[in-house]
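Open the model in your viewer and keep the selection tool ready. The tour below goes from one selection to the next and says what is there.

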Amino acid sequence: MSGELPRPDAIGSKEIDRKILEIFRSRDGGVVSGEELSRSLDVSRTAVWKHIKTLNGLGYRIEAVPSRGYRLVSTPDILTPAELSVGLNVARIGTSLVFVGETDSTNTLAYRLAEDGAVEGTVVIADAQNRGRGRLGRQWESPAGVNLYCSIVLRPPIMPLHAPQLTFLSAVAVAEAIERSAGLAPVIKWPNDVLVNGFKVAGMLNEMSAETERIDFLVLGIGVNINMQRDQFPADLRHPASSLAIEAGHEVSRLSFTRALLESLDVHYSQYRAEGYAPLRQAWLGRSAVMGRRVRVSGNQGDMAGTVEGIDEIGALLLRTADGTLERVLAGDVTIEE
Amino acid sequence: MDIKDLKSLIKMVTETDITEFELEGAEEKIRIKRGCTAPMVQYQAPQPMVAMQPAMVQAAAPAASAAPVEAVAPAAAKAKGNEITSPIVGTFYRAPAPDAAPYVEVGQIVEKGQVLCIVEAMKLMNEIEAEYRCKIVEICKENAQPVEFGEALFIVEPL
């Protein structure tokens with residue numbers, strides 16, 4: 001990665017391209033003359049033609065209609081701000097969008113932008129990651145053109161002690177977006193694994209920069225396998241994984257999914273800021289695969305078995321063990337016992 | 001041996017791969033033994049020493065929770081310095097990945113803003129950074145161990 005940080009408008013969304021698309025959209029598929037475009041944008045007709053060529057290169061289909069002008073036929077399923085912001089209904093999350101074609105990791109980029117002062121709600125999206133990562137240095141397969149890799153900058157006015165609550169925010173929002181955009185029925189395993197038909201379809205990595213009593217910022221990293229095909233998965237996966245397209249049996253629009261995700265995040269985060277953790281916890285419990293189930297948790301401290309009674313104030317798993325004691329589990333891999 | 005010499009001796013030993021070091025003279029016997037996380041110092045003087053002796057051990061002998069200091073000198077050694085505590089309840093990680101080198105070792109001098117460890121809670125990774133230039137005197141927790149809110153992770157000596 002270069003040392004230069006991208007400015008939100010510098011990448012993939014040249015202001016003029018964005019204006020051209022706006023004009024076409026306002027015509028709803030109608031023809032716009034080259035002269036009108038040239039006048040509205042205050043550039044020459046040759047420049048208009050060049051910008052249209054660029055847009056076609058990005059996957060847009062803009063047709064020249066002889067002696068009349070241009071017409072927007074179709075738009076590509078790309079996650080640039082120009083596309084993503086169309087019809088996006090958010091108050092906070094996604095009001096600032098950064099898109100890069102490829103980066104090492106969106107979390108790394110978002111972390112650097114946050115250190116540099118990026119506002120709360122800034123969303124960093126990459127079409128591909130060359131060093132996509134998970135917990136503890138694990139790799140996250142991130143091919144171009146098929147999935148979503150995004151990181152969200154939050155600056156919640158809470159104590160660092162309570163920050164783990166926000167792990168449940170991205171899990172709930174990812175599950176809701178899968179349901180809304182792909183029509184699938186996801187469940188959440190504690191704390192934030194999102195499963196469809198038992199397969200892992202999303203990975204989340206959250207990072208925090210904080211002092212003892214104050215959070216500087218949080219970065220919520222979310223990777224979702226949307227249209228990835230079977231032959232694109234690495235052979236040595238820790239968990240059985242899949243994509244929304246494989247499970248749904250058809251392609252899923254990355255744009256629709258991402259808009260749904262940002263809107264869900266926005267709604268739950270606004271509610272979290274206004275009312276605290278309780279509604280988020282309820283939303284998580286409502287989608288949890290483990291609530292009321294007998295589970296086994298294996299972790300650094302050994303194995304433990306019991307029945308899940310809920311999650312506590314910071315999201316620790318509450319487990320009723322065989323001898324009747326209520327254990328509070330902070331870390332570990334959960335397996336549901338049949 | 002004065003405190004300065006003892007300090008340099010410990011520094012010298014911790015910078016090598018030596019795990020145990022013993023020096024016996026006419027008047028004193030010094031034994032330095034390194035555990036997995038922190039060096040251990042045993043200081044034995046044949047005769048009662050002057051008043052500075054406990055201070056000597058205090059300054060030089062970090063008390064590792066994993067390897068208790070067998071201080072023969074009066075008053076068990078308690079590490080001197082500032083505590084860096086955990087802002088969250090979670091799991092302590094000394095390295096970014098299981099096969100990676102630890103962020104810091106005992107005796108190392110770290111710069112302001114340098115990452116010391118990760119504390120993970122509910123898949124939220126919190127990189128703990130040095131808030132000032134300092135020397136790591138003690139690493140209070142072992143890798144992958146649970147930590148409580150406010151619990152000491154490191155003892156450091158501000159520089």
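**First stop: a charged pair in chain A**

Select R27(A), which counts as partly exposed because its relative accessibility is 34%; buried means under 20% relative accessible area, exposed over 50%, and partly exposed in between, with a 1.4 Å probe and protein chains only. This is a predicted model, in which local features need pLDDT of at least 70 and side-chain atom pairs count only at pLDDT 80 or more, while totals for chains, interfaces and linings use all residues. Residues are numbered from 1 along each chain as its sequence is written, chains are lettered from A and ligands numbered from 1 in the order in which they are written, and side-chain values use heavy atoms, with hydrogens and water left out.

The term stands for a side-chain nitrogen of Lys or Arg within 4 Å of a carboxyl oxygen of Asp or Glu. E36(A) counts as buried, at 18% relative accessibility.

**Second stop: two loops**

Select R92(A) and E120(A), whose side chains form a salt bridge of 3.2 Å, N to O. R92(A) is in the loop between helix 4 (81-84) and strand 4 (96-103) of chain A, and E120(A) is in the loop between helix 5 (106-115) and strand 5 (122-129), so the pair ties together parts 28 residues apart in sequence. Helices (H or I, at least four residues) and strands (E, at least two) are DSSP runs, numbered from the N terminus. R92(A) is partly exposed at 28% relative accessibility, whereas E120(A) is buried at 14%.

Go to D216(A) and R155(A), where the side chains meet in a salt bridge of 3.5 Å, N to O. Since D216(A) lies in strand 11 (residues 215-224) and R155(A) in the loop between strand 6 (148-154) and helix 6 (167-182) of chain A, the pair ties together parts 61 residues apart in sequence. Both count as partly exposed, D216(A) at 29% relative accessibility and R155(A) at 23%. Over all chains, the whole structure has 25 salt bridges.

**Last stop: a loop residue**

Where is N192(A)? Select the loop between strand 7 (187-189) and strand 8 (193-196) of chain A to find N192(A). N192(A) counts as buried, at 3% relative accessibility. Which residues is N192(A) in contact with, leaving aside its neighbours within four places in sequence? They are T167(A), A171(A), M204(A), N206(A) and K123(B), where contact means heavy atoms within 4.5 Å.
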